[in-house]
Amino acid sequence: MKLSIIVPCYNEQENIPLILKSFEKVANYGDIEVIIVNNGSTDNSEQVINENLPLYAFAKSIKVDKNQGYGFGVLSGLKVAQGEYIGWIHADMQVSPKELIKVLDIINNENSEKLFIKGSRKNRGLIDSFITFGMSCFESILFKQKLFDINSQPNIFSRDLLKNLKQAPNDYMLDLFVFKEAINQNYKIIRFPVRFQKRAFGVSSWNKGLFAKYKFIKRTIEFSLELKKV
């Protein structure tokens, strides 16, 4: 079974070589396709991608001319993915691509054709863990479904779920949207622990302090209420 992984990159010129190098071990373990998405970067990401991509036969790239959100970058990559299982992981290296070896093992050991596999972050800071716990409780009560650590990486699922993502959001709410859709479609949900670590290089494009966290929480609540109506 081929696994296609989308890596949306916005101004990640320093992390891109590390990402590809880390995926090399995964590619040696199983059949994997890595799609690097230059998600409207304004740094030298395109040059770095072009210089490094020829070194890795398992990888290819696409370019989004103008950044329209994290979700848009992921969805752009999913359109060209060819694997029977598809998904994405962040480019910040806070969850190592090597964690996908666990995903390949899960896929090989499961008989179900409807799988949704998602990491569960360990070793996080107190504030972030508290926020995650609070939001998890809110989502689970609102939807009457177990929705914990919604934004954890990676997100992997059977290709058939793509049929239900036509109304997917273009921002970070994509993680919640797809997670909930998998539950609604009776996919087998498998969570596995992943080690959460510091960003390798650069700074987050959104997580820049408490006000940024507040805006993210506000957006999540608003989107959740809209999703509940639907």
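Strand β1 (residues 3–9) and strand β4 (residues 85–88) pair in the parallel sense over four bridges, where strands are DSSP runs of E with at least two residues, helices are runs of H or I with at least four, both numbered from the N terminus, and two strands count as paired if DSSP finds at least two bridges between them. Within this pairing, Ile6 has Trp88 of β4 as its bridge partner. The model is a predicted one, in which local features need pLDDT of at least 70 and side-chain atom pairs count only at pLDDT 80 or more, while totals for chains, interfaces and linings use all residues. Residues are numbered from 1 along each chain as its sequence is written, and side-chain values use heavy atoms, with hydrogens and water left out.

The β1–β4 pair belongs to an open sheet of seven strands with mixed pairing, in the order β3-β2-β1-β4-β6-β5-β7. Its edges are formed by β3 (59–64) and β7 (188–195), each of which pairs on one side only. From one strand to the next the twist averages 20°, with axes taken as lines fitted to C-alpha atoms (for helices over the stretch in contact) and angles running from 0 to 180 degrees between N-to-C directions.

Helix α2 (residues 45–52) lies across β2 (32–39) and β3, running at about 155° to β2, where contact means heavy atoms within 4.5 Å. Helix α3 (residues 70–78) lies across β1, β2, β3, β4 and β6, and runs at about 145° to β1.

Most residues other than glycine have a negative phi, and most peptide bonds are trans. Asn123, in the loop between β5 (115–122) and α5, has a positive phi near 70°, and Asn123 is exposed, with a relative accessible area of 56%; here exposed means over 50% relative accessible area, buried under 20% and partly exposed in between, with a 1.4 Å probe and protein chains only. Asp149, in the loop between α5 and β6, also has a positive phi, near 50°, but Asp149 is buried at 2% relative accessible area. Pro154 lies in the loop between α5 (126–143) and β6 (155–158), and a cis peptide bond with omega of about -10° joins Gln153 to Pro154.
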